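Colleague: Before I ask my questions, please put the model on the screen. I want to know what stands behind each term you use.

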Amino acid sequence: MKDISQSIQKEDHIEKVSGKSLYVSDIKMDHILYAKTVRSIHPKAKILNIEIPDLPKDYFIVDYRDIPGKNHVNMIFEDWPVFAEKQVNYIGDPIMLVVGKNKQTINDLIGQIKIEYQVLKPKFEYKTSVIHKSFKKGNIKKAFTKPFKTISYTYETGYQEQAYIEPQGFIAYPEEDGKITLIGSIQCPYYVKNAVLKTMGFADDKVRVIQPSVGGAFGGKEEFPSVMACQLAVAVHKIGRPIKMIYEREEDMSVTTKRHPSKIQLTAAIDKEYRIQGLKAHVALDSGAYIGLSGVVLARAMIASTSSYTIDNLDISGDVYETNTVPNGAFRGFGAPQMIFAVEMFIHHIAKELNIDPLILRLMHLAKQNDLTSTSGVFRDPIIMKKMIDKAMEISDYEQKVKIYQDPSVFKGIGMSWFLHGCGFTGSGESTHINAKVKLRKDANDQVFLLVAAVDMGQGAKTALKKIVVQTLGIPSQQVSFDNPDTDYVLDSGPTVASRTTMIVGGLLARAALKLKETWIDHQEMEILEQYQQPEYIKWDEDTMVGDAYPAYSWGVNVVEVEVSKVTYQTKVKGIWSVYDVGKSIDDRLVLGQADGGIAQGVAYGYLEVMKHEQGKLRQKTMTDYIIPTAVDMAKTETVIMENPYILGPYGAKGVGELTLVGGAPAVALAIEQAINKKVYKIPATPEYIMELINHDKI
Amino acid sequence: MIKFKLNGKDVEVNLDPSSRLLDVLRNHFNLTGPKEGCGEGECGACAVLVDGRIIHSCCFPLANVADKEVTTIEGFSETKRYQALADAMLEEGGSQCGICTPGMMIAAESLLTQNPKPTDEEIRIGISGNLCRCTGYNMIVKAIQKASKKGDGLW
Amino acid sequence: MVKHVIPKNLQDALNHLYQGDYHVIAGGTDLMIQKRNSADLPPLFHSNMLYLINLEELKYVMKDEAQIKIGSMTSLETLLHHKDVPELLKEVIKEMASPGIRNMATLAGNIANASPAGDSLVPLYLLDAIVVLASTNQTRYLPIEKVIIGPRKTVIQANELIKEIIIPIPHFTQTSWVKVGGRFADAISKVSFAGAVTVSEGIITDFRIALGAVYMTVIRNRAFEKSYKDLSVEELKNQLPQILTRYQELIKPIDDQRSNKNYRNQVASNLITDFIQKI
């Protein structure tokens, strides 16, 4: 039996390399209409009056008055409107759609729409907390009673834009009996379906969602597409014609969700042996105008507050602040990248203040199997971090370089980050929110079909999930099919998020495949249904945030080497080395590909990608102004996958998708810190920031 | 009336000569290979070959293609050079979500036509106008390097 | 009704410019984006358009004993690989945009666009480039600094087009080009610097500095440069503080979505310092 990790041909390779793969904007339909959104130009304002010009035949306005059900987009928190009614809360807040067959006419009509606003005072500071969370571990009071030293720092992270190369878009069209079908660039077919059902007040069989090829997502297409889908469903319901709405880049960048900017305050109580006895942390996240998923992002950030370390006494709190800016949402890492950056910098800054080698301080606190996690759960599975750290240092020549680069006259640096990522939904999310179901269907020709809602957005889910079924059944690959999800044919196996697809959905498919194998009857139609069952030992209290936050953890080490120019303060990334424990790779090439792409995003989050707003208006709205790495910017990477099979994962697999982004920013920030011999507190550590740090005498 | 060659066939188009070539290819000729990723010549998803050289069709007016040879991924995919690149991309893992892939293939062809044995640095420059958010580029660079080595005599 | 004309040859182009009101377009990399409409719609060119890019007679690079003459429709990518193009100009082009854009773009387009951050303009100013403006009734030869008079403002008349760019063959002993952008390819400059010097037996016989993206146009001050002529390299280096002060007064950088005043200011000074220290 072949080792499952051995790479195979990617399922969709031929269609993608030949340009034949159809993304939503490639799909054409007869008599299709186009829709364009009319949006608020103020960060906060009351809508007093709207004057619509006379509409030519077959041109329509669609707004909140056309919503048959509820004017809200179903996300975790119930505050996203489908269309603004009396008030707008950010520049870009959608007010209405103009729909028609000619784009120029639509533009002209939009130019004639007159909206009378009463401008209100917007808020941009972290003042209005809309969600507060906190949890404790151990005895924080004792830890902070007469500590040897108390060290406190504040760290800041900026926006990050997903910048998927395919902008967001949908086609929606009516079928008989008032059914509406939607095709869109999405990660979660059932999120979209359920959102549309609620907005329209429809029965379950009246909405169908089909996934075409998706050109990258990274979390940006997790919840936001539901907004577009609801708007278009309302429009299709009103007009009765197919409608296509594809965002162009500037619109997409201006109004879709981004990574939450954060401010993280960390205070450590340290004893005489340099042990961090207690940690107090406060995480502030900017949710923008609507809360959406922000509460869950906050939870994940807080849970990551000890990263790959064990600290016995914790007081972790966080707040989501509402501001009149674009609403923020899911982006690969989902709160962890912000926190891991802060924690990794913090432990290094502590080491500096204590005048001890950071490596020694970190090793002292490195988590071990059976340690209590940040939320007083248990690291039940083996942790191979020490082996991973040794490997990472070996392949990067870390020890040599970190000594040489200590010389302040050498503007080179090397940084190493250690991190983990909880796999799957936080706490009891899998059983309470999702309840994943997968189906395997076998037809009379013995062709087996995977019926799951998992979306391949480039990460290779199509290949990996099919591979699990093929390997388990032990039949030729051509005998197994996995078509893009269509909610009319697949059950809800859950959203393609939270690093759950391989581990949870793949796990269910492995079980289903085993059952199918054991009960297989040639030429007989068969169907196997598997439903998620929370392992007994996973106990989680949502309110106190105590227990096992995740069923499993993946681990990583990143090493980044940089050179900073004394003349221009620009950073050149010279090399990137990574070691990952994802349990078992379902396909080495796919995991290595995720590793390359993830760290490119993580490192760029740390030093390159800049997005700022001024009075609620984003300053970077195009691919010219929002800088992501080109091939010339990207350094060579070397990645090692280390096996550490997880008992409950298919073939031992754990989560992969987000892990590889989480450690990039601290690794590059630490490298820059060493190169310039100044402490870095903010990311992105741009040349402008580096210059500021160098100009200030304080170290 | 703008006359040009598209994927080897002579064509004639009676459209506004200032039209973006990308729109002409996608809407008039119903091709799906060239895509719109940014609309401002930055991401390369719209890349096609004009007289064998890569250009960004989202900022290229139809008039400028008069009497020229335009090749999209659809036309390029009929060639042996495409096959060498496609195979290398498969082996190296150069395509994930696939949206940048046709543009990358076009960029690779344009580069290798001019420079059949490029260094890694030259490959990176060759694809510097094609943004990819999934792969971090390295597997694409390896694929192009592999194709140039294996495809001896093709370029 | 907007007219679109693809001229048959240069004379045809000039005749059209003489007869009517045409907006000239070369590669389109600037104009197609500046005037863009929604996707699927043609750009908002509210004027007649004259498409010059395929005038083969304007695609050439000719070198004689004293000058290099570049046909205005020669693509940047062609210039990058042409043996007769000065190394300094090639260094600049190599870091501009991307191969696809370079295959479409021209020096003429860069000049007519007159962007304050236009990279190719910096070496053209430094090398004393002459821009040849042709019309049906005359041919004007203007130094580039007389052609560009402000951000996106030139003296090119409605009936003129850029026919050729003439560069005196440079004979420097040392040149330097530094582009400072947001990333190492495909970026708009935050600051750019070109420097050139001719040193003969330890004496400076030619000293030139040009700065881009820190003012409305490229900065080059011949009066300053002249004052350093005939100094020894040592003496020039001793003058560094005064040199920096003088150029500081010319630099007027801005805060924008790419960078801020302080950074541009300081980096410009650092670039001048670095160049002079390395002579």
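**Terms and their grounds**

Modeller: Chain B is divided into domain 1 (2–76) and domain 2 (80–150). The bounds come from an automatic or database domain assignment. This is a predicted model, in which local features need pLDDT of at least 70, side-chain atom pairs count only at pLDDT 80 or more, and totals for chains, interfaces and linings use all residues. Residues are numbered from 1 along each chain as its sequence is written, while chains are lettered from A and ligands numbered from 1 in the order in which they are written.

Colleague: How many residues of domain 1 of chain B are in contact with domain 2 of chain B?

Modeller: 17 residues of domain 1 are in contact with 14 residues of domain 2. Two residues are in contact if their C-beta atoms, placed from the backbone, lie within 7 Å. On the domain 1 side, β3 (47–50), β4 (53–56) and α2 (73–76) of chain B each supply at least two residues. The largest share, 3 residues, is that of β3(B). Helices (H or I, at least four residues) and strands (E, at least two) are DSSP runs, numbered from the N terminus.

Colleague: What makes C:Val131 a buried residue?

Modeller: A residue is buried if 20 or more other C-beta atoms lie within 10 Å of its own, exposed if 12 or fewer, and partly exposed in between, with C-beta atoms placed from the backbone. C:Val131 has 27 other C-beta atoms within 10 Å, so C:Val131 is buried. C:Val131 is found in strand β6 (residues 130–134) of chain C.

Colleague: Which residues does C:Val131 touch, leaving out those up to four places away in sequence?

Modeller: They are C:Ile111, C:Leu142, C:Ile144, C:Val147, C:Ile162 and C:Ile165. The C-alpha atoms of C:Val131 and C:Ile166 are separated by 6.4 Å, and these two residues are 35 residues apart along the chain.

Colleague: Which residues of α10(A) are buried, and why are they said to be on the same side?

Modeller: A:Met385, A:Met388, A:Ile389, A:Ala392, A:Met393 and A:Ser396 are buried. They cover an arc of only 130° around the axis, which means that they are on the same side of α10(A). The arc is that of the directions from the helix axis to the C-beta atoms. An α-helix has 3.6 residues a turn, so residues three or four places apart point the same way. The cover over the buried residues of α10(A) includes α11 (398–404), β16 (412–423), β23 (552–564) and β24 (571–581) of chain A. Just after α10(A), A:Asp397 has a positive phi of about 60°.

Colleague: Why are β19 (480–481) and β20 (526–531) of chain A called edge strands?

Modeller: The open sheet has 4 strands in the order β19-β18-β17-β20 (chain A), with mixed pairing. β19(A) and β20(A) each pair on one side only, as edge strands.

Colleague: What makes strand β17 (residues 437–442) of chain A a partner of β20(A)?

Modeller: Two strands pair if DSSP finds at least two bridges between them. β17(A) and β20(A) have 6 bridges, in the antiparallel sense. Among the residues involved, A:Arg441 has A:Glu527 in β20(A) as bridge partner.
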